[in-house]
Amino acid sequence: MDEVIFTTPLGPLLLRGNEQGLAVAKFQDTLQDDSSTIPESLLPAVTQLKEYFSKKRTEFQLSLHPEGTLFQKRVWKQLEEIPFGKTTSYQSMANKLGDPKVIRAAASANGKNPIAIIIPCHRVIGSDGSLTGYAGGLHRKKWLLAHESPVKQGELF
C-alpha cells in the first residue's frame, strides 16, 4: 500500500492506497513533514485535494477502495451522494437506508469512514442542525462546512 503525507489548511493529511484506489485519507494530529515524493497511485488524490482546498474543485473523480463491512460501505456510498455545500442528518441517512431504527448504526459507520473529505462524512449534522461528532475533530468539521458553504458569513457554528 502506497502512502503520502501532505500539509492542508487543517493539518497533515495521510493518504494510503494503490492501483485499486484510495483506501485512507486521515488527518494527523501530530505535526509531520510532507512526504518527499508522491507515489503515482496517490497523485490524483493529492492533486484533487489541493484543488478542493484552494476552492477549485467541488467534486472528486477518484477510485475509492475503503475497507469495511457491507453496511458501512452502504453508508459511505450514501455519504458520497451528499452534494458539496449541503448537509444531511443521521436520521435522514437512516431513513434512506430503509429503516429509521438504524440511526445509531449509520452514525457509527459514518464515524468509521476511512476516507475523510472525499467521502464527505463532515456533511452529516444533528437533526436539530447541531454540529455533531467528527473523527477528525469538530474544529475540522466546522472549517470544512464553512469552506463548502455557499453563503459566506461570520460563523456557522
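## Salt bridges in a predicted model

E148 and R123 are both buried, where buried stands for under 20% relative accessible area, exposed for over 50% and partly exposed for values in between, with a 1.4 Å probe and protein chains only. The model is predicted, so local features need pLDDT of at least 70 and side-chain atom pairs count only at pLDDT 80 or more, while totals for chains, interfaces and linings use all residues. Residues are numbered from 1 along each chain as its sequence is written, and side-chain values use heavy atoms, with hydrogens and water left out.

Side chains of opposite charge can pair when their charged atoms come close. A salt bridge is taken here as a side-chain nitrogen of Lys or Arg within 4 Å of a carboxyl oxygen of Asp or Glu, and by this rule the count is five. Among them are the following pairs.

| Salt bridge | Closest N and O atoms |
|---|---|
| R16 and E3 | 2.8 Å |
| E148 and R123 | 2.7 Å |

E148 belongs to helix α5 (residues 138-148) and R123 to the loop between α4 (103-111) and β5 (124-125), so their pairing ties together parts that are 25 residues apart in sequence. Helices (H or I, at least four residues) and strands (E, at least two) are DSSP runs, numbered from the N terminus.

R16, in strand β2 (residues 11-18), and E3, in strand β1 (residues 2-8), tie together parts that are 13 residues apart in sequence. R16 is partly exposed at a relative accessible area of 29%, and E3 is partly exposed at 41%.

K77 and E80 stand three residues apart in helix α2 (residues 70-80), a separation of about one helical turn, and E80 is partly exposed, with 36% relative accessibility.
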